[in-house]
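Trainee: I've got a new model open and I'd like to learn how to read its helices and its nonpolar parts. Can you walk me through it?

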Amino acid sequence: AVMQTLKVEQVEVATAQQRAAMIFNFIPMFLVLALFTAAMPIASDSTAGERERGSLEPLLIIPIPRWQLVAGKWLAATWAAMLGMLLTLGFTLVVLSRLALEELGIRNHLGVGQVLLILAAVAPMGLVWPAVQMFVSCFAKSFKEAQSYLGMLVIFPTIPGIVSVFYPITNRPWMHPLPVLGQYAMVTEVLGGKFPPALSFAAAVVVAVGLTAILLVFATRLFSSEKIVFGR
């Protein structure tokens with residue numbers, strides 16, 4: 001009684017949905033990585049791969065502006081990225097629905113509205129990653145070399161996921177416009193049962209569109225360079 005004057009009782013103040021968000025913090029990493037890896041084959045093959053095979057020169061003979069050619073390649077990679085993200089999210093939801101998480105006191109109910117918010121939060125990166133990959137692949141002389149470059153870039157989408165294991169990423173307004181970090185913050189917020197403001201989604205989209213436009217402009221200039229086209 002003398003040594004223990006106060007009786008300390010541990011009380012869990014987090015809701016079941018918030019505990020689920022802490023456990024399911026791997027979901028945003030899976031989705032961002034799905035966008036990156038699904039776009040990588042098309043983005044690298046349509047640039048460095050075509051230059052290695054010698055099929056890029058005949059393609060450039062077609063009398064169309066270079067920016068339309070670059071935009072077409074980017075759209076193909078973007079479509080693959082979005083499809084990969086949708087499939088990953090679908091498989092993840094199916095697996096989670098078959099786990100008895102309620103017995104552990106974890107609420108695992110994601111409604112249609114929450115799923116749509118997750119897609120809206122992650123989708124802007126589906127515009128940025130293909131543009132980044134195309135721009136980087138323009139400097140590679142072969143498909144394998146481009147894959148090596150992009151393999152080193154894959155560390156960037158995984159950094160927030162690794163950090164969140166030791167230090168949970170909390171929602172802060174300044175995070176939302178930042179690529180990758182904003183996606184992690186908003187998805188974690190949605191999984192916790194909260195809804196980020198519409199301005200957060202708008203800021204993420206504006207930043208993603210701006211970065212994509214800048215990268216595509218640079219890629220178009222590279223496609224106009226003889227050194228890039230014929231440098232095999």
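Predicted model: local features only at pLDDT ≥ 70, side-chain atom pairs only at ≥ 80, totals over all residues.

Trainee: Which helix holds Phe156?

Mentor: Phe156 is found in helix 8, residues 155-166.

Trainee: Is Phe156 buried, exposed or partly exposed?

Mentor: Buried means under 20% relative accessible area and exposed means over 50%. Phe156 has 48% relative accessibility, so Phe156 counts as partly exposed. Together with Ile155, Ile159, Ile162 and Val163, Phe156 makes a nonpolar surface patch of about 430 Å².

Trainee: And how do I read the sides of a helix?

Mentor: An α-helix has 3.6 residues a turn, so residues three or four places apart point the same way. Now take helix 5, residues 112-122: its buried residues are Gln114, Val115, Ile118, Leu119, Ala121 and Val122. They are on the same side of helix 5 because they cover an arc of only 165 degrees around the axis. On the other side of helix 5, Val112 and Leu116 are exposed.

Trainee: Which residues have the most contacts inside the largest nonpolar core?

Mentor: The general idea first: in soluble globular proteins, nonpolar side chains tend to be buried together. In this model the largest nonpolar core has 49 residues, and Leu31, Leu35, Ile118, Val122, Trp129 and Phe223 have the most contacts inside it. Helix 2 gives the most to this core, with 10 residues.

Trainee: What does Leu35 touch?

Mentor: Leaving out residues up to four places away in sequence, Leu35 touches Ala81, Met82, Met85, Val122, Met125, Gly126 and Trp129.

Terms used
Residues numbered from 1 in each chain as written. Heavy atoms only, no water. Buried < 20%, exposed > 50% of the residue type's maximum accessible area, 1.4 Å probe, protein only. Helix = DSSP H or I, 4+ residues; strand = E, 2+ residues; numbered from the N terminus. Arc of directions from axis to C-beta. Core = buried A, V, L, I, M, F, W, Y, C linked by side-chain atoms within 4.5 Å. Contact = heavy atoms within 4.5 Å. Patch = residues over 30% accessible without salt bridge, like charges linked within 9 Å, V, L, I, M, F, W, Y side chains within 5 Å. Areas by Shrake-Rupley, 256 points an atom, 1.4 Å probe, with all protein chains shown as cover. Salt bridge = Lys/Arg side-chain N within 4 Å of Asp/Glu carboxyl O.
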